[in-house]
Amino acid sequence: MSKVFTADEVAQHKKEGDLWIVVDSKVYDISKFAAMHPGGLSVLLDEDVAGKDATEAFFSLHRHEVLEKPQFKRLVIGTLAGAKQTIFARPAGALSDVPYAEPFWLSKGYHSPYYKESHRRLQAAYRKFVEEVIVGDAQAREEDGKRPSQRVFDEMAKQNLIAMRFGPGPHLKGLELMGGVVKPEEFDYFHELILGQETVRVNARGYTDGLGGGTYIGLPPILNFGQPALRERIAKEVLAGKKFCALAITEAFAGSDVAGLRCMAKRVENGWIVTGTKKWITNGTFADYFTVGCRTEQGGLVVLLIERGEGVETKPIKTSYSTAAGTAYVTFENVFVPYENTLGKENKGLQVILSNFNHERWGMCTGSIAAQRLVVEECLKWVNQRKVFGKPLHSQAVIRAKLAAMISRVESAQAWLENITYQMNHMNYAEQADKLAGPIALLKRYATSTAQETARDAVQIFGGRGITRTGMGRFIEHYHRTVPFDAVLGGAEDVLGDLGVRQALRKMPKDTRL
């Protein structure tokens, strides 16, 4: 049983070699730890800390997770008489009570016309899975730059999570999804939206892309345009988490200009000979399969499935986020590709390349908006506990104004996203391509541009901590450093904005006048 100490007993231990403090009702003997304290011994010997209740001082400098580490739990020797623990870690899978930390449909007392009970079951089960299975690996791999651990892919495959990340469709038929919380026939785009938004809770942007960013955009062309035998073989391996795909379209010379691809595919007997390069290919360093856009000798485009092997070389590209994403420069040197690996028709490759852009960009919106919401939660927590000039940081009107703007941006983007998702659930593929390409492009532009505003405001709220890679503001620093990825991947903001407007103008009635 834990021993109870009075405040007077704790106060007797306030010198070097004999040092106790109280944090949230628990008494810590930090006598031996003090000399190793990263902030120096003098901070702990301060008259407001040594032998005192240092709860406020502690939480002005450290995140709660520090107290959960085994090395600090071992320092607890008892509790303070008359004191009660008031600060608790949120249990794995639980919802946050912080205002605006959850979308309205998950917030207590609010309602939504979009979500059913199966959506709530999936959200609860998957958040618990993310926090218990993925988060630890995500933080470690984001730091060391290695690809996500195979153990995580195996666990995801057991729950058929990899299959679910491709959205509703025949690939889910007969599968038990997440222990049966949702049936394959009722799985819709809102279920997929939940998976996309919950995954970003790992707070590791490079790792998130490494967890399947390439596969989720590289496999659909195979599923939709590959020959049956090829499609079944590749899908079985990928959905089991044993093999990985990468979409290899982007080139150094082409960028967003898909029609300007230079990677060449020369037609030969029984196949193709491919020569060329691809750049910024997500998951490329560890992908087994590459869905590659190539120029043909007739000047058209063709999409080929190229398996890693002779003539295929990948090199990592260092970017501002972790190499856990597997971002690669890919070289194809006289690679023979069997003709049965052709996806779609010769010289009709542009259709194959464009076919998944809407879904890809929609998926990016889900993650971008959820990441903004996490930043809002971090900022609300911080302004509530940070003291300046003797008052909470939120007493400053300028801080409240920044928070108001951040909340407005994320809530408007979430509402737009849910409206588009509802339309997706009630349109076939052809209707989506005709009616939603423009709105999705504009939403992505809006979400990623507002995300950068939110990142900038968050750094101002956290100050120096917001540009420090450890400690209180580490998630803010990480977000500010990596948020530009969302603005570039899947189409740069200016390109998507122009796309959205051009599509709108094409639908303008010819007889309309002011």
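How many nonpolar, polar and charged residues make up the lining of the second largest pocket? In this predicted model, that lining has 17 nonpolar, eight polar and 11 charged residues. The second largest pocket holds about 1,500 Å³ of space, and 36 residues line it. The residues nearest its centre are R63, H64, A89, R90 and K381. Three helices, α5 (117-144), α14 (357-385) and α18 (474-482), each contribute at least two residues to the lining. The largest share comes from α14, which provides eight residues.

R63, one of the residues nearest the centre of this pocket, belongs to the loop between α3 (55-59) and α4 (70-73). R63 is classed as buried because its relative accessibility, 15%, falls under the 20% limit. Its side chain forms a polar contact with the side chain of E378, at a distance of 2.9 Å. When residues up to four places away in sequence are not counted, R63 touches F58, E378, G471, M472, R474 and F475. With a relative accessible area of 30%, A57 is partly exposed. A57 and R386 are 329 residues apart along the chain, yet their C-alpha atoms are separated by 9.7 Å.

With neighbours within four places in sequence left aside, Q432 is in contact with Y189, N358, M424, M427 and A437.

β3 (18-23) and β4 (26-29) pair in the antiparallel sense over four bridges. Within this pairing, W20 has D29 of β4 as its bridge partner. β4 also pairs with strand β5 (residues 76-80), again in the antiparallel sense, here over three bridges. Y28 stands opposite V76 in β5. In a regular strand the side chains alternate between the two faces of the sheet.

The hairpin of β3 and β4 has two residues between the strands. D24 lies in the loop that joins these strands and takes a positive phi of about 50° although it is not a glycine. Most residues other than glycine have a negative phi. D24 is buried, as its relative accessible area is 8%.

A positive phi of about 50° is also found at N334, which is likewise not a glycine. Where in the structure is N334 found? N334 is part of strand β12, which covers residues 328-338. Is N334 buried or exposed? At 51% relative accessibility, N334 counts as exposed, because the limit for this class is over 50%.

Key: Residues are numbered from 1 along each chain as its sequence is written. This is a predicted model: local features need pLDDT of at least 70, side-chain atom pairs count only at pLDDT 80 or more; totals for chains, interfaces and linings use all residues. Side-chain values use heavy atoms; hydrogens and water are left out. Buried means under 20% relative accessible area, exposed over 50%, partly exposed in between (1.4 Å probe, protein chains only). A polar contact is a pair of N or O atoms within 3.5 Å; within protein, one must be able to donate a hydrogen and the other to accept it, and residues adjacent in sequence count only if both atoms are side-chain atoms. Contact means heavy atoms within 4.5 Å. On a 1 Å grid over the protein atoms alone, a cavity is a set of points where a 1.4 Å probe fits but cannot get out, and a pocket is an open set with protein on both sides within 12 Å along at least five of seven lines; lining residues have an atom within 4 Å of a point. Grid points are joined across faces, edges and corners, and a volume is the space filled by probe spheres set on the points. Ala, Val, Leu, Ile, Met, Phe, Trp, Tyr, Cys and Pro count as nonpolar, Asp, Glu, Lys and Arg as charged, and the others, Gly among them, as polar. Two strands pair if DSSP finds at least two bridges between them.
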